[in-house]
Each structure stands twice: as structure tokens, then as C-alpha cells.
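Here is a friendly walk through one protein model, written for someone who likes to know the cut-offs behind the words. Please have a look at the sequence and the structure first.

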Amino acid sequence: MSGTSDFAAETQLEGCGPMLGNQSHQQKPLRQRVFEYVRAQGNTARSDISRALEISPGSATTLTADLIRAGLLREVAGLERDNSRGRPRVALEIVPQAGFVIGIKLGDTGHTAVLADFTGAMISNASLPSLPTSRPATTLLDEVARLIDMLLSQTNTPMNKVKGIGIGMAGLIDHAHGLVRWSPLLNSRDQAFGAAAEARFGRSVVLENDANMLTLAELWFGSGRAKSDFAVITIENGVGMGLVLNNRLYRGSFGMGLELGHTKVQLDGALCRCGERGCLEAYISDYALVREAATALNLPLDKNISFQSLLGTLFDEAAAGNTAAQKIFQRAGRFLALGLSNVVQLFDPALVILSGERMTYDFMYDGDVLRDVQALTLSRGDMPCLVEVHPHADLDWARGATARALAQVTDAIFKTEAAI
Ligand SMILES: [Zn+2]
């Protein structure tokens, strides 16, 4: 395993998955609720299951025996005794080998993939370079196949142990139908990419918008596990947003995710790459900063020089005291604050997580931005909404795709409708 995941530092919680049940959770069969409770706890005693799910000790015993027979749970010694004279309590945990899933983040500079066991633990990871160009779906599937081969060969895991695959990418993703309506990675619209991937790999494949994928990563592995309402805002080449309301990913009516980057912050403003004017993205994303930098600092807009390198130059100039460079970041920070304050005002989340590659540039979240958010929000003078910066690596995004696949595979085992 080459990479590391940031979530361990973010939360000390054992297990994985949302800690708080939502409405659809209550409608799941009791066996599944027991299973998911154990996965969320890491390991737990039957008496705790009975207490938490408000079922009788006898029911807890019957249900867990059933799950043990099905090869999904196993007993482990090791919980502390109830009291000094009692026998050590037997705990239950998920059988890690009950099934493996693969999570993949497809990006325009690199792809990242994670193999996870049924507890959600990362077993191996792999990455491939990518290019910011659109390609045919078959070419993108070839790249997915290479990632899967790398993951499986590292650990000698046969493909028949893999129960499901989650894939996230930028764009308009219709997750319910496995369609990519539009993505910068594909050269045509309305691609049945999910079905094509299922046909190629012979496994259930779920697609997800990349901001939703990172939001699921926070909900399953990070700070969002015990939060009922939180937002994740990603600032990369574009600006994305994921939202959890009532412990559940909010997708809107058409399943297209939340396009914060294309909310308008200026009438007749700067031209956005979507073709409209005045979008938030047109002021704070990579290409917006590069455009400003090229004008203000006379930097070359050469195709052979990457956005990253131009942004690096801009940041270095700002750090060295170049006021023109500093102003570009300050202006972007003010627009970011405007977008954030609108999110806070609309949804009143307990937490807003800022993430994405641009979060390495601290202008985006310095004190001025947070003060601006507060000033632009009706509040009681304090800052009720916590804003945190989680500079997640691609590996964490891919782990979000494993969460998506785990949820799907779990629902399939217990024959419930997809509820994530
Ligand atoms: Zn736009």
C-alpha cells in the first residue's frame, strides 16, 4: 500500500458508516440494521445491539446467530468485562472477507482506486496518470480495467471475491440509471457508462458525481459520521458540493447533485466555462485564477504550462509580497465567502467541510474568509456553523466510492431498495 488516508486523523471512531439512522434506515429489515450497527461500531456486544436497536436480548441473539451462519458476522473475544468478576464479554464484528469492493476516482490529472474489505478497511490502492482530455467510453473503461488489475494483483485477490464497484467522476451523473449525462472525461453526452462497466467487469457498478463521493467518504469514514446535516464543498478545477440532510445524501429531484459552482454571484459577470455569466466558479476555480494571473502578472498562457504550475507561480508571488497576486487571491476568497454564506443561510448545516486541491492555498480559508461568511450570514453574532478544511488526497475520494459500493452490495444481500 503506497498512500495513506486522512480520515484516521479526523475521527477517533471505530468502524465505518453513518452513526445516525435515517428514515429509510428504519424501514430496513432488522437483520440489516443489526449488521449495519455492528459495522458502524467496529465491534460490539449483543447486549449493546439489543439496547441500541431497542430489541429484546432474545431477538439480538437470534438475529446475530443468523448473520453468523450467513458468514457476515463473527465472534471475537476482547471487550472489557461488565464488572471485575464477570466473564469477558464476547463481541461481534463483520467478517472482513465476506466481500470486497472497489472504489475508483476518475480525474483529469490522475485516477485513484481502492480495494476495501467488508468492514470498509482499505486493503490496497493504485493510481494511474490521466489527461484533461475527453475520450471515448471504451478508452476510459480500459483505464478502469488497468486500475482493477493493479489492485487485485497487489493482493492476489481474485475478481470473484469483488462484489461491487463504485466509480466517481466530475460531471452530471445520473446515479439511478448509471448514466453520465456529461463529463469532461468523456467525448460524448448521455453515456450508459454504468451498464458498459457492468458488462465489461461482470459486477454491479454504481456511478457517483465526485463531490457526492467525497461527501459519502465524510459520512462513512470522517467527521460527518455523527452529523445529521453537513455540506462538503470541493474546490478544484471546478467547484462542487455535496450535502447530507437528515443523515442522508441529498440529491435533489433529478439526481444531478448540487451545482454550487454555477450559482450566480454577479449579474452579467465573468464568463463561466458552462457558457453562462457570473457563476461562482468563474471567480474562484483554477481557470479563473489562471485567467486573472495571466492578465495581472503577465504570465504566459501556454498550453505546455499546466494550470498547477501557473497557480504555483501565482501563490509564490503572493507569498513573496506581490500585491497584484495577493489581490487575486483576496478577491477569490471574498467570492468563496459569498458562496459559503449562501449555503449556510439556506441549509443551516452543523458543519461545512472545504476540500479539494486548492485548499492547499491558505488564502481560501484564512480568517478573512470566515469573517466574511459570518458578516454575510444572519446570525446571532457568533458563528453557529463550523467551517473545517480537510485537504483530502484522491485516495479519500476513492474511499467514498468504496462506501457507495459497500452500501449497494449490502442492500443487495438484504434485498432492500438502494437507500444511500
Ligand atoms: Zn457556470
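Strand β7 and strand β10 (residues 204–209) pair in the parallel sense over 6 bridges, where two strands count as paired if DSSP finds at least two bridges between them. Within that pairing, Met 169 has Asn 209 of β10 as its bridge partner. Strands here are DSSP runs of E with at least two residues, helices are runs of H or I with at least four residues, and both are numbered from the N terminus.

A word on the source: this is a predicted model, in which local features need pLDDT of at least 70 and side-chain atom pairs count only at pLDDT 80 or more, while totals for chains, interfaces and linings use all residues. Residues are numbered from 1 along each chain as its sequence is written, and side-chain values use heavy atoms, with hydrogens and water left out.

Back to β7 (residues 162–169): 7 of its 8 residues are buried, so the strand is largely enclosed by the rest of the structure. Buried means under 20% relative accessible area, exposed means over 50%, and partly exposed is in between, using a 1.4 Å probe and protein chains only. Strand β4 (residues 100–106) also runs parallel to β7, joined to it by 7 bridges, and Ile 102 has Ile 165 of β7 as its bridge partner. With strand β5 (residues 110–116), β4 instead runs antiparallel, over 5 bridges; there Ile 104 is partnered by Ala 113.

These strands belong to an open sheet of 5 strands with mixed pairing, in the order β6-β5-β4-β7-β10. The edge strands are β6 (122–129) and β10, each pairing on one side only. On average, neighbouring strands of this sheet are turned by 15 degrees against each other, direction ignored.

Which strands make up the other open sheet of 5 strands with mixed pairing? Its order is β13-β12-β11-β14-β15. Because β13 and β15 (386–389) each have a single partner strand, one side of each is left without a neighbour in the sheet. The pairings of β14 (residues 351–355) can be set side by side:

| Strand pair | Sense and bridges | Residue pair |
|---|---|---|
| β14 and β15 | parallel, 4 bridges | Leu 354 with Val 389 |

In a regular strand the side chains alternate between the two faces of the sheet. Both faces of β14 are covered: Leu 351, Ile 353 and Ser 355 are buried on one side, and Val 352 and Leu 354 on the other.

Now for the metal. The zinc ion has His 262 (ND1), Cys 272 (SG), Cys 274 (SG) and Cys 279 (SG) as its protein donors, 2.0 to 2.3 Å away. Donors are N, O and S atoms within 2.8 Å of the metal (3.2 Å for Na, K and Ca), and sites may look incomplete because water is not among the atoms. In sequence, the donor residues are spaced H-x9-C-x1-C-x4-C. His 262 and Cys 279 both lie in the loop between β13 (248–249) and α9 (281–284), so the pair ties together parts that are 17 residues apart in sequence. His 262 is partly exposed, at a relative accessible area of 22%, whereas Cys 279 is buried, at 0%.

Notes
Axes fitted to C-alpha atoms, helices over the stretch in contact; angles between N-to-C directions.
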